[in-house]
Amino acid sequence: MPAIRDQEYAAVVDRERPLIQATAYLLTGDQVQAERVVQLVLADLYWRLPGVQHPQVQALRTVVQIARRP
């Protein structure tokens with residue numbers, strides 16, 4: 001079962017990472033900070049993935065929440 005979850009996660013990351021990265025950069029204005037946001041978003045998404053119907057929407061919500069933090 002974990003192998004299937006990891007495969008699903010890898011597919012989501014491959015598909016959604018460019019948009020997550022671009023959005024994080026637009027919100028932070030800094031490449032290093034954007035990468036930190038992306039890593040946090042992907043970690044959060046990994047734990048939420050089994051129950052998420054729309055991973056892209058969830059990821060973008062999380063990007064905005066994290067990028068708005070001081």
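Mentor: A nonpolar core is a set of buried Ala, Val, Leu, Ile, Met, Phe, Trp, Tyr and Cys residues joined through side-chain atoms within 4.5 Å. Buried means under 20% relative accessible area, exposed means over 50%, and partly exposed is in between (1.4 Å probe, protein chains only). This is a predicted model, so local features need pLDDT of at least 70 and side-chain atom pairs count only at pLDDT 80 or more, while totals for chains, interfaces and linings use all residues. Residues are numbered from 1 along each chain as its sequence is written, and side-chain values use heavy atoms, leaving out hydrogens and water.

Now the core itself. The largest one has 15 residues, and Ile20, Ala24, Val37, Val41, Leu42 and Val63 have the most contacts inside it. Helices α1, α2 and α3 (55–67) each supply at least two of its residues, with the largest share, six residues, coming from α2. (Helices are DSSP runs of H or I, at least four residues, and strands are runs of E, at least two, numbered from the N terminus.) In soluble globular proteins, nonpolar side chains tend to be buried together.

Zoom in on Val63. Not counting residues up to four places away in sequence, Val63 touches Ile20, Thr23, Ala24, Leu27, Val37 and Val41, where contact means heavy atoms within 4.5 Å.

Next, see how two of the helices meet. The axes of α1 (residues 2–28) and α2 (residues 31–48) come within 9 Å and cross at roughly 145°; axes are lines fitted to C-alpha atoms, for helices over the stretch in contact, and angles run from 0 to 180 degrees between N-to-C directions.

Follow α1 to Val12, which lies in that helix. Val12 is buried, because its relative accessible area is 6%. Leaving aside neighbours within four places in sequence, Val12 is in contact with Arg17, Leu45, Leu49 and Pro55. The C-alpha atoms of Val12 and Gln56 are separated by 8.3 Å, though these residues are 44 apart along the chain.

The side chains of Glu16 and Gln56 are joined by a polar contact of 3.0 Å. That term means a pair of N or O atoms within 3.5 Å; within protein, one must be able to donate a hydrogen and the other to accept it, and residues adjacent in sequence count only if both atoms are side-chain atoms.
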